[in-house]
Structures are given as structure tokens and as C-alpha cells.
Amino acid sequence: MGAADVTSDVRAGGGVAGRPHRELRAGTIQVLIVLGLLLLWESVSRSGLFFERLFPSPVAVTLAAWRHLQQGIVLPHLATSAMEISLGLLIGGTLGTLMGMALGSRPLFGRVCEPIFMYCAPVPKIIIYPISLWFLGIGPASKVAQSTLASFFPILISTAAAIRQVKPVHIDVARLLGAKGFALYRKVYLPAMLGHVLVGLRLGMGVAIISSLMAETKLAEKGLGFLTIEYYNHFRITEMYSILLIIFTGAVLLNWIFYWAERRLLRYRGSDAGQNAFF
Amino acid sequence: MPLPQWIIVGLRSLVILGALFALELMVRLEWINPLFLARPTSWVGAFRALMAEGELPKLAWITLSEIGLTFLVGGAAGLLLGTLLYRFRRVGEASSSLLGAMFASPIVLLYPIFLVIFGRNRMAIMAQAMVTGIIPIILQTRNSFLHVNETLIDVGRVLNLTRRQMFFHIMLPAAAPMIFTGIRLGLIYMLLSIIAIEYIVGVGGLGNLVSDAYFRLNTDELYVGVITVGLLSLIFYTFLTRAQRWVQRM
Amino acid sequence: MRGPMLEANYVSKTFGLDGALAARVQALSEVSLTVAQGEFVSLIGPSGCGKSTLLKIFGGLTPAEQGEVYVRGDRVTGPHPHIGMVFQEDSTFPWRTTLGNVEFGLEMRGMARRERRDRSKATIDLVGLTGFEHRYPAELSGGMRQRVAIARALILEPQALLMDEPFGALDEQTRIILGEQLLRIQGKLGQTILFVTHNINEAVQLSDRVVVMTARPGQIKATFNITLPKPRDSRIIASEAFGRLVAQIWTALREESLKGFVQATGAQVE
Ligand SMILES: Nc1ncnc2c1ncn2[C@@H]1O[C@H](COP(=O)(O)OP(=O)(O)OP(=O)(O)O)[C@@H](O)[C@H]1O
Ligand SMILES: [Mg+2]
């Protein structure tokens with residue numbers, strides 16, 4: 001399951017750990033990079049090089065985002081999107097876990113059917129949005145369907161992989177030491193699979209967010225994606241940027257929470273260094 | 001005892017055919033509204049018609065050329081940036097975690113910005129796809145260089161290679177298999193975002209076909225569009241997987 | 001009284017019975033073996049001759065295809081509560097600390113946390129890992145991990161220990177030291193031990209009896225009683241009697257090892 005693995009690696013931000021003073025320096029450089037980009041943006045926007053309304057200054061965007069949050073304009077949209085995403089992740093995650101367990105634990109079923117799922121996984125799911133619309137209407141249901149479909153695949157693939165990489169000797173040992181039934185699942189299968197499952201969940205959440213919001217920008221009545229595209233259509237570019245800012249802050253925050261939880265739960269793995277420098 | 005591969009493939013085809021057959025049956029019995037779900041057998045007719053008009057190949061070509069162009073620019077830039085971020089370690093460390101955070105967030109959703117900058121055209125689509133697809137290429141390229149086996153580097157040192165020689169004869173070949181993983185991922189992301197935005201904005205190739213068919217309520221054509229996108233990604237994915245296997249064999 | 005602790009009667013096992021004829025592998029053929037209470041028996045034989053399979057059958061992890069297996073007179077149908085097993089590969093749970101690994105069996109038996117802790121501490125001390133209770137396996141060396149696995153088996157006070165090349169992955173020095181430790185523990189607790197190894201020196205150093213198996217399908221080829229005085233330590237390796245035994249066992253093993261080598265590689269060996 002190369003794709004999911006690499007994605008997780010890459011998404012984790014390359015995992016730059018190291019001695020504290022190193023980290024501090026990296027942190028300083030990061031702040032400098034971000035500040036530099038913001039400064040560039042601000043000055044380009046002020047220079048009048050581009051049409052001011054197309055290129056609003058970051059200060060204006062942040063202020064607009066703040067206003068939106070404060071006046072509660074985004075809240076109903078945020079609630080709708082959050083509902084669609086979490087429902088989709090819940091349904092897709094449950095189905096994906098069940099199917100992944102079946103694929104991972106029955107060798108014949110896995111060999112016959114897993115490639116079908118593997119090949120469906122990278123197909124852009126948004127393409128069947130019109131079909132969801134026909135069946136489920138332009139309300140939240142069609143977005144739930146999209147995020148269900150999107151989160152189903154990464155979770156399925158990582159669950160199947162997770163089951164397969166459980167070492168048989170761990171099951172043997174546990175059985176010899178008296179683990180049976182539910183205890184065997186809770187104390188051995190679950191911790192042995194946790195790493196892959198968490199990665200699957202994080203990827204699933206990412207694609208659930210993307211697919212719900214993308215669907216909202218195509219056709220919807222409510223939601224953050226809908227709001228973004230409404231502002232675009234009315235040419236209120238500063239407001240559009242501000243909604244995007246809110247979406248991105250939320251997504252980064254969520255991902256960071258997930259990543260942090262993963263790190264805590266998988267502390268036992270220890271760190272693997274192995275970074276070299278030459279040329 | 002594992003069964004031979006041809007039996008597995010046979011069973012797999014049976015599963016797929018069975019699913020198609022079930023769809024056909026459900027639509028024929030009108031358990032599912034035929035207005036919303038075209039029968040698999042009618043896909044074939046619509047597919048033929050679109051092929052004969054030359055419409056489908058044309059649209060597929062548009063989509064593919066968008067992907068190709070995006071990759072040409074994005075791939076080259078990604079490799080270069082990734083190498084630079086390896087070369088300049090401090091900046092590399094700092095920016096790769098920023099890039100990682102960016103990659104974890106829904107960048108495709110930034111497409112309205114590209115529409116604002118470029119207008120509703122294919123340029124906007126390609127620019128957006130490049131931004132999405134370039135990130136895994138950059139990160140993975142840097143990462144691959146960082147993970148080159150120390151022993152190989154020492155071999156190069158012992159041979160007194162110049163930096164240039166070191167790069168082209170040791171680092172690059174040693175890192176190539178891992179770099180390709182990034183390229184593969186980048187290409188998949190480019191394909192995903194190009195088709196998604198084609199569909200949402202209603203510009204360009206196959207995505208646009210589906211978007212159009214929906215508004216014209218042309219069920220057959222819509223399904224042909226969806227199936228073609230599916231097939232195209234399937235071929236694309238197969239090709240990439242094969243290529244990766246080939247690269248990693250060396 | 002020293003009645004039999006482990007007993008196998010005419011045990012055979014063939015793998016791949018559900019598949020093609022050509023893919024069948026007969027691992028064991030009519031193996032009979034009895035291990036008395038408190039005895040230390042080593043199994044030695046060419047690679048792939050079915051030693052691990054025999055141990056797994058004793059452990060109740062795989063059923064025998066023919067024949068019966070008994071632990072203290074009970075017919076084996078699943079893992080027997082009086083059996084402990086140590087595997088050749090690293091089998092520690094990476095998500096549990098040393099303490100967590102060692103107390104796993106007690107936890108499964110529903111023992112209270114406090115009591116578990118105390119007993120684990122004692123067992124950890126026994127294998128010489130005090131101070132490493134809160135380390136994860138990733139932070140331990142290979143030899144330490146193997147000692148965790150041994151402690152994890154010992155804590156349930158099994159009457160019989162099945163050890164499948166427990167020191168196989170270790171360097172010679174660690175191997176000798178751990179062997180000594182094992183004998184000391186056995187001297188204290190008096191378990192029956194069935195021990196698989198490829199190392200003739202190790203077999204002679206530790207055992208009361210060494211059983212040599214044939215190449216696949218595995219059968220018992222010869223048995224050697226080791227009458228060297230006990231308690232032993234590693235210095236015995238230098239004695240003359242030790243050398244004679246090693247030579248005798250190697251003579252019996254050599255022929256089988258060559259056969260096993262041909263089986264595995266298809267090579268022609270003169
Ligand atoms: N689960 C299994 N399925 C099929 N064949 C198996 C299985 N387990 C073992 N075998 C086969 O049975 C034979 C005996 O295996 P076993 O693991 O018992 O050998 P061994 O004596 O422990 O070898 P080694 O000394 O190399 O560990 C081997 O030929 C092996 O290929
Ligand atoms: Mg073995």
C-alpha cells in the first residue's frame with residue numbers, strides 16, 4: 001500500500017525532530033519564511049500592481065475572517081460542513097474498516113477483491129457527484145455520500161494492510177499466555193494494528209473534508225464550500241479569501257491534533273534517525 | 001496453498017461482471033430510476049456514439065495533455081526544489097514541515113483563487129493541479145536524498161569523487177526508487193485535481209463532459225463520462241505501478 | 001517421582017494437504033518423544049526438519065495430523081496452561097514496556113494490578129533486567145528482548161518450557177551467558193525444558209539429553225544422554241568429556257545435515 005504509506009510520511013511533514021537548539025533554529029526559519037511570504041503578499045497588494053480587489057491584503061483578509069467569525073455568519077455553514085464531514089467519515093470509516101478486516105483476514109477474498117478497491121481508490125470520486133445529486137438532492141445528503149465514498153478507500157486499504165502486518169507470533173504468544181476472544185482483539189490485534197489504522201483515519205478525514213467542501217462548491221445550499229463560491233460569484237474576493245483562511249486554519253488544526261495524538265499513542269516505536277547530509 | 005493467478009483473475013472478472021449484471025437487472029426491473037442510472041448495456045451504445053463523433057477522444061486528449069503539461073513543469077520544478085531543499089539543510093528542514101502541513105490541508109479548495117488570477121480557463125486548472133502535485137514531489141525528493149545509504153556515500157568519498165560525480169553517480173541512482181514514489185504520488189494528485197476542477201468549473205476535457213451531461217440531463221452520456229474517467233485513471237494507475245516496479249528493480 | 005511431562009506418540013504432520021500434491025511437505029513422520037519432569041532435553045536437527053513444528057504441536061498451536069500429544073497426561077487440544085513457550089524470532093509486543101510484556105499473562109488471568117507489579121518485578125529481576133522495566137522493546141538490545149520473552153513465559157510458572165532456538169539470533173558470548181542463566185533458573189524452579197538449537201556446544205552444555213532428528217520428514221535419529229555433572233557452568237566447554245560428546249553428536253548430525261542441504265538447495269554434495 002505504497003501510496004498511503006508515503007502520503008502519511010509526507011503529510012507528517014517529514015518528521016523533523018532532533019536536538020532542541022536545532023528545532024529552535026528550524027522554527028525561527030519557519031517563522032521567517034511565513035513572515036516573508038506575508039510581507040510579499042501585503043506589499044504586492046499595496047503596490048497596485050494588480051487589481052486591488054483581486055489581490056486583497058492579508059490584513060484585510062484576516063480582519064474579514066475575524067468579522068465573519070464574530071458576527072456568526074460562518075457558524076451555520078461551518079455546522080453544516082462539519083456535520084457532513086463527520087457523518088461521511090463515520091459511515092465510510094465503519095464500512096471501510098469492516099471491508100478491510102474481511103479483505104485482510106480472508107486470503108482468497110483479499111486476493112480476488114482487493115485489487116478492485118486498489119484501482120478504484122485513485123479515481124477522482126467527485127466525478128460521480130452528479131449521480132449523488134440525482135439520487136440525494138442538493139442538500140447535505142449528497143455531500144455525506146461523497147465524503148463517505150472518499151473516506152471509505154483509504155480506511156479500507158490501511159485496515160487490510162494493518163491486519164496483514166500483525167505478526168503471527170504475537171497471536172501465538174498471546175494465545176499461549178491465555179488471551180482469548182475479546183481480550184485477544186483488544187490487547188493484541190488492536191495495538192498491533194493501531195499505527196496503520198490511525199494513518200488511515202487521518203487520510204480518511206483529509207479526503208472527507210476535501211470531498212464535502214468540493215461538492216459544496218459545485219452545487220449546494222449551505223456549507224463553507226458553498227459560502228466560498230458564493231463570494232466568488234458575487235466577486236467579493238476579500239470575503240472569499242477570508243472563508244478559505246478559516247477552512248485552512250481549521251484543517252491544519254485538525255491535522256495537527258491527529259498527528260499529535262498519533263505521536264502520543266505510538267510513542268513506543270521510538271524515533272528512527274538515519275538522516276545524512278552530503279553534496 | 002495459494003491458487004494460481006489465472007483462477008484469481010477469473011474470479012475477479014466474475015465479481016465485476018456480476019456487479020454490472022446486478023446493476024443492469026435492477027434498472028430493468030425499475031428498482032432504480034432509469035432516469036438516474038443508465039443500464040450498463042446502454043453505456044456501450046452511448047460510448048460508441050461519442051467515439052464515432054470523435055468527441056470522446058478529443059476530450060480525453062484535452063485532459064491528458066493538461067496532465068502532461070502540468071507534470072512537465074511541476075515535475076521538473078519539484079525535483080529541483082526538492083534537491084535544493086536537501087542541499088540547504090536548514091531551510092530544507094524548516095520549509096519541509098511547512099510544506100507537509102500544507103499538503104495535509106485541502107489545497108484543491110484553493111481553486112477559486114486560481115480562477116481569480118487566471119480566469120475560468122485551463123490555465124487556472126493546470127496551475128492549481130501543479131501546486132497540489134508538486135508538494136509530494138518536493139518532499140519525497142528531499143527525503144530520498146536524506147535516506148541514501150551512508151555506506152554508499154562513504155564509497156564515493158573513498159573514491160574521491162567530486163560533488164558532481166557524487167551527485168550523478170551515487171546520490172541520484174541510490175535515491176531514484178524513492179524519488180519515483182514521490183513522482184507517482186504527485187502525478188496521481190495532478191490527475192485528481194485536474195479532473196475535479198474540470199468538472200466543478202465546467203472547463204476542459206472529461207470533467208467538463210460530465211458537468212455538461214448533468215445539466216442537459218443526458219444520463220447515458222454522463223455515465224460514459226464517468227466510466228471513461230474511471231478507465232483513464234485505471235490505465236494511468238496501472239502504468240505508474242508498472243513503472244515503479246521497473247524503477248525499483250534496478 | 002519423575003513421570004513424563006511431555007509425551008508425543010507417533011506424531012506426523014504434513015503441510016499443504018488442502019493444496020496441490022506437489023506442494024505438500026511432510027514435516028514430521030511418526031515422531032515419539034518423552035520428556036520427564038524436570039528434564040532438560042535439546043532437539044537438534046537439520047534446518048526444515050520439523051523442530052519448530054513439533055514444538056508448536058506440543059504448545060497446542062497447531063494440531064498434529066496423526067498421533068497424540070500429552071502434557072502431564074492431558075491430551076493436548078489447545079494451549080495448555082502449564083506450558084510456556086519462547087520463540088525463535090523476536091516475539092515481544094513492541095507496544096508494551098518490559099513490565100507490560102512480562103505481566104501480560106497475569107493480566108489475561110485477571111490478576112490485580114498491584115500483585116501483577118510485584119510478581120513482574122521479581123521475574124524481571126530473575127532474568128537480570130532490573131532498571132529496564134519501563135523501556136519499550138525498541139529501546140532494548142536483541143538479547144534483552146529475548147530475556148523479556150523468557151521472563152514473560154516464566155512468570156506464569158509453567159511446569160514445562162518450550163524454547164525454539166531462543167538464543168539463535170544472539171552472539172556467542174551472550175548465548176553462553178544466557179544459557180548459564182537459564183540453567184540457574186531451572187535449578188531454582190525445576191521446570192521441564194524442551195529446547196531447540198542448531199548449536200551442538202549449547203545442546204551439550206545445557207541438556208540432560210540431546211535428541212538428534214533426521215532430515216525432512218523429521219524422525220528421531222539418535223538420543224545422547226549427557227552425564228556431565230550438574231550444576232554446570234560454561235567452563236565445562238573446556239573439558240575432555242564435553243569434546244567427545246560434541247564429536248559423537250556431530251557424527252550423527254553430519255549425514256542428516258548434508259541430506260537437508262541437498263533437499264533445500266538441490267545441490268550435489270559429495
Ligand atoms: N505453516 C506452514 N505451512 C506450510 N509449510 C510449513 C509451515 N510451517 C512449516 N512448514 C514446512 O515444514 C517443514 C518444517 O518446518 P519447521 O519450521 O518445523 O522446521 P525447523 O526444523 O524448525 O527448521 P529451522 O531449523 O530452519 O527453524 C519445512 O519444510 C517448512 O517449509
Ligand atoms: Mg524452526
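Modeller: A pocket is an open set of points, on a 1 Å grid over the protein atoms alone, where a 1.4 Å probe fits, with protein on both sides within 12 Å along at least five of seven lines; lining residues have an atom within 4 Å of a point. The model is predicted, so local features need pLDDT of at least 70 and side-chain atom pairs count only at pLDDT 80 or more, while totals for chains, interfaces and linings use all residues. Residues are numbered from 1 along each chain, and chains are lettered from A in the order written.

Biologist: What volume has the second largest pocket?

Modeller: A volume is the space filled by probe spheres set on the grid points, which are joined across faces, edges and corners. For the second largest pocket this gives about 1600 Å³.

Biologist: Which helix gives the most to the lining of that pocket?

Modeller: The lining has 34 residues, and A:Ile116 and B:Leu20 are among those nearest the centre. Helices are DSSP runs (H or I, at least four residues), numbered from the N terminus. With 9 residues, the largest contribution comes from helix 10 of chain B.

Biologist: How many salt bridges does the rule find across the interface of chain A and chain C?

Modeller: A salt bridge requires a side-chain nitrogen of Lys or Arg within 4 Å of a carboxyl oxygen of Asp or Glu. A:Lys187 and C:Glu107 form one, their closest N and O atoms lying 2.4 Å apart. Across the interface of chain A and chain C, the number found is 2.

Methods: Heavy atoms only, no water. Helix = DSSP H or I, 4+ residues; strand = E, 2+ residues; numbered from the N terminus.
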